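The sequence and the structure are shown first, and the description follows.

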Amino acid sequence: MGLLAQRLVSLQEAENEVRKFKGKITEIERAMIRKSGEVRKLKEEYEQRVIDKEELIRKRVGLERALEVVLEEQKKFKTARNMTKSNKLYVELTAAIVKGERDIAGREDRILDVFEEIESRESLCKQILLGVEVEYKKFQEVLEVNKVKVAELLARLSLCKMRREQVSSQLPIQAYDLFNRLSKRMKGDVVVGVMLFDEYSDEEATYFCKGCRLSVTLEQVNQATVGEDVVQCQHCSRILAWRKQEENSIGALELPRELKE
Ligand SMILES: [Zn+2]
């Protein structure tokens, strides 16, 4: 394989490494954002529950105050009944007191119900808070681990970038520009190998660009094998570079015998 082709392959490999590490870092960062969102949601739920509980406590205080007013009235009725000499008034006051007792009992029942509801809300709040604490602690632990991981990945990423820089500085500017233009436009590798399918033809072997899987000419394959000029696939514009499979992650299937370096 020619030097230019070799360098283009190396550039693609370096580019892939850079992308791999960038991808890993992004993946971790996204996972952490997701997790922190979950913890925040749980915390918001807890805060809402506390608000609900406090609202109910205010309601209880209101009910207790209203009860006090009724109790005060009841006391006045009883005092008035003790002091009255009128039989008619005594009967009327007794009726009012009986009615008041029923009212008081009803109010006390309602207050007890509210008490119970407050208790159950309180225990729910505690439960949710415990969940928040557990999840937050887990999040913090994962965050610490991931910080170390990201730092390691960033260090490796910067090495990969240096390698990419080094490889690209050895390439002719036109070849490097072409690589960049294609990389921006396409997903995946832009320096690709060639596939050979001899079962498709009786006479000659048929070659396919590994990028778009359309056929390329034997002349292109030969040129790509020599690797002195940049050879592009006429269909997808990817750069064709031939290399033995065992050396090359980008490379093609088996190298045809007559084309072996
Ligand atoms: Zn192609």
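Arg-213 lies in the loop that links β3 to β4 (215–216). The model discussed here is a predicted one. The phi angle of Arg-213 is positive, at about 65°, although the residue is not a glycine. Arg-213 counts as exposed because 10 C-beta neighbours fall inside 10 Å, and the cut-off for exposure is 12 or fewer.

A second residue of this kind is Ser-237, which is found in the loop between β5 (231–232) and β6. Ser-237 is not a glycine, yet its phi is positive, near 70°. With 16 other C-beta atoms within 10 Å, Ser-237 is partly exposed.

**Overall fold**

The protein contains four helices and six strands. Their order along the sequence is α-α-α-β-β-β-β-α-β-β. Of its 261 residues, 17% count as buried. Among contacts between residues at least 6 apart in sequence, 68% join residues at least 24 apart.

**Helix packing**

Two packed helices are described by the angle between their axes and the distance between the axes.

| Helix pair | Axes come within | Crossing angle | Handedness |
|---|---|---|---|
| α1 and α2 | 6 Å | roughly 165° | left-handed |
| α1 and α3 | 11 Å | roughly 40° | right-handed |

Helix α1 covers residues 3–83 and helix α2 covers residues 87–169, with their axes crossing at roughly 165°. The two helices are therefore roughly antiparallel. Their contact comprises 44 nonpolar, eight polar and 30 charged residues.

The axes of α1 and α3 cross at roughly 40°. On the α1 side, this contact is made by Leu-4, Leu-8, Leu-11 and Glu-15, and on the α3 side by Ala-175, Phe-179 and Ser-183. By class, the residues of the contact between α1 and α3 are five nonpolar, one polar and one charged.

Ser-183 belongs to helix α3, which spans residues 173–185. Setting aside neighbours within four places in sequence, Ser-183 is in contact with Glu-15 and Val-190. Ser-183 and Glu-15 are 168 residues apart along the chain, and their C-alpha atoms are separated by 9.2 Å. Ser-183 has 17 other C-beta atoms within 10 Å and is therefore partly exposed.

**The largest nonpolar core**

Which residues of the largest nonpolar core touch the most other members? They are Leu-8, Val-194, Val-216, Ile-239, Leu-240 and Ala-241, in a core of 23 residues. The elements that each supply at least two residues of this core are α1, β1 (191–192), β3 (206–209), α4 (218–226) and β6 (239–240). Helix α1 gives the most, with five residues.

Not counting residues up to four places away in sequence, Leu-240 touches Val-192, Val-194, Cys-209, Val-216, Gln-220, Ala-224, Val-231, Gln-232 and Cys-233.

Definitions and conventions. Residues are numbered from 1 along each chain as its sequence is written. This is a predicted model: local features need pLDDT of at least 70, side-chain atom pairs count only at pLDDT 80 or more; totals for chains, interfaces and linings use all residues. Axes are lines fitted to C-alpha atoms, for helices over the stretch in contact, and angles run from 0 to 180 degrees between N-to-C directions. Angles under 35 degrees count as roughly parallel, over 145 as roughly antiparallel, 65 to 115 as roughly perpendicular and the rest as oblique. A crossing is left-handed if the near helix is turned anticlockwise from the far one by less than a right angle, and right-handed if clockwise. Ala, Val, Leu, Ile, Met, Phe, Trp, Tyr, Cys and Pro count as nonpolar, Asp, Glu, Lys and Arg as charged, and the others, Gly among them, as polar. A nonpolar core is a set of buried Ala, Val, Leu, Ile, Met, Phe, Trp, Tyr and Cys residues joined through C-beta atoms within 7 Å. A residue is buried if 20 or more other C-beta atoms lie within 10 Å of its own, exposed if 12 or fewer, and partly exposed in between; C-beta atoms are placed from the backbone. Two residues are in contact if their C-beta atoms, placed from the backbone, lie within 7 Å.
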